[in-house]
Amino acid sequence: MKNVKVILISVVLCAAVFANSRIDALGGDAGFWAGDKANVAIFPATINDHDFVEVDGVGDGDGVNATILWGDATTWGFNFDGNDGDTWMNIMWGNGDVGLNVTYAASDNGAGTENDGFGVSYGQNFDWGELGVGFWSENDESGYWANWRDDMDVWVFDSAKASFASTDDGNDGTTMDLSFDMFTHLDAGGADVLFGLGVDYMTASEGDDSWTSMTLPTATLAVEAGLTDWATLRAWATHAYDFSCTNDGVALGCADDTTGPNDGNDTSYGFGLGFDWGAATLDMSIGQGLFTDPVSTMNGWDSLGADGEVTLSYSF
């Protein structure tokens with residue numbers, strides 16, 4: 001079975017690949033940044049909030065991901081993923097109150113086996129918060145997810161969000177992830193400081209084997225600071241404390257399991273830059289790999305890959 005965190009993250013974003021380099025440079029979770037365009041994937045009602053053309057994945061060595069979204073009373077959008085040659089339809093629609101995204105993929109591997117995939121996501125704003133839900137199916141595999149976000153005045157936090165995702169590989173393999181985060185944005189002069197604390201519960205099973213992990217807390221700190229009126233510096237760090245982890249055969253690993261990946265007590269960080277010329281913006285994410293082997297990347301021997309990408313956007 002694949003690493004459960006990778007599976008669950010892909011489920012949350014299955015409707016369309018809308019992650020961008022700004023969000024990557026702030027920790028990778030668009031739910032903490034309500035105004036960003038990447039929220040279209042997890043809260044489809046935000047389709048109605050944007051008109052833009054965006055190209056993401058520049059510099060990662062593979063195909064780029066392009067999105068166009070526009071409209072007034074009715075919003076239309078299309079997504080084109082250069083890493084996915086099978087998807088022939090990825091359409092977005094919004095009417096001002098709700099948002100809808102539908103994808104369909106089909107291919108023939110040349111050996112008489114057809115691969116079909118379908119995904120749909122729906123979003124709407126209610127008095128009790130923003131809601132996004134989705135379902136996807138690919139051959140025998142399937143999954144569904146739900147996201148919620150709203151104001152919540154608790155302790156030092158003013159907002160909260162929750163997410164749920166589940167997958168079934170069609171062969172006795174299932175995963176489930178349930179998370180809840182409280183967060184706030186602090187005004188530090190010329191900088192926006194995000195602070196969040198959350199809990200995450202993950203479980204996976206494969207036949208009679210199972211794996212369960214609970215992180216408490218998962219802490220997130222991100223800073224977006226203006227260097228000039230057209231340049232922005234971004235940085236983030238997260239730490240997940242593995243409060244509880246049990247492993248009964250599924251090779252996913254716990255914090256004290258030396259035979260598998262260390263999924264618990266994990267600390268990660270990253271940096272990024274943003275350049276704003278009015279309607280046009282360029283955002284760059286810089287991951288940890290650039291600091292461990294900077295010469296190869298700076299000389300062009302290695303692409304930015306997973307350690308950094310560039311997003312070009314034009315809003316209208």
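**Local features of the predicted model**

Aspartate 172 is exposed, at 59% relative accessibility (exposed means over 50% relative accessible area, buried under 20%, partly exposed in between; 1.4 Å probe, protein chains only). Aspartate 172 lies in the loop between strand 9 (157-168) and strand 10. Strands (E, at least two residues) are DSSP runs, numbered from the N terminus. Phi of aspartate 172 is near 65°, a positive value in a residue other than glycine.

This is a predicted model, in which local features need pLDDT of at least 70, side-chain atom pairs count only at pLDDT 80 or more, and totals for chains, interfaces and linings use all residues. Residues are numbered from 1 along each chain as its sequence is written, and side-chain values use heavy atoms, with hydrogens and water left out.

Asparagine 139 also has a positive phi, near 55°. Its loop runs between strand 7 (129-138) and strand 8 (141-154). Asparagine 139 is partly exposed, at 40% relative accessibility. Most residues other than glycine have a negative phi, and most peptide bonds are trans. The peptide bond from leucine 216 to proline 217 is cis, with omega near 0°. Proline 217 is placed in strand 12 (residues 209-226).

Serine 179 belongs to strand 10 (residues 173-187). It is buried, with a relative accessible area of 11%. Its side chain makes a polar contact with the side chain of serine 163, at 2.6 Å. A polar contact is a pair of N or O atoms within 3.5 Å; within protein, one must be able to donate a hydrogen and the other to accept it, and residues adjacent in sequence count only if both atoms are side-chain atoms. Beyond its neighbours within four places in sequence, serine 179 is in contact (heavy atoms within 4.5 Å) with Lys161, Ala162, Ser163, Val199 and Asp200.

Key: Helix = DSSP H or I, 4+ residues; strand = E, 2+ residues; numbered from the N terminus.
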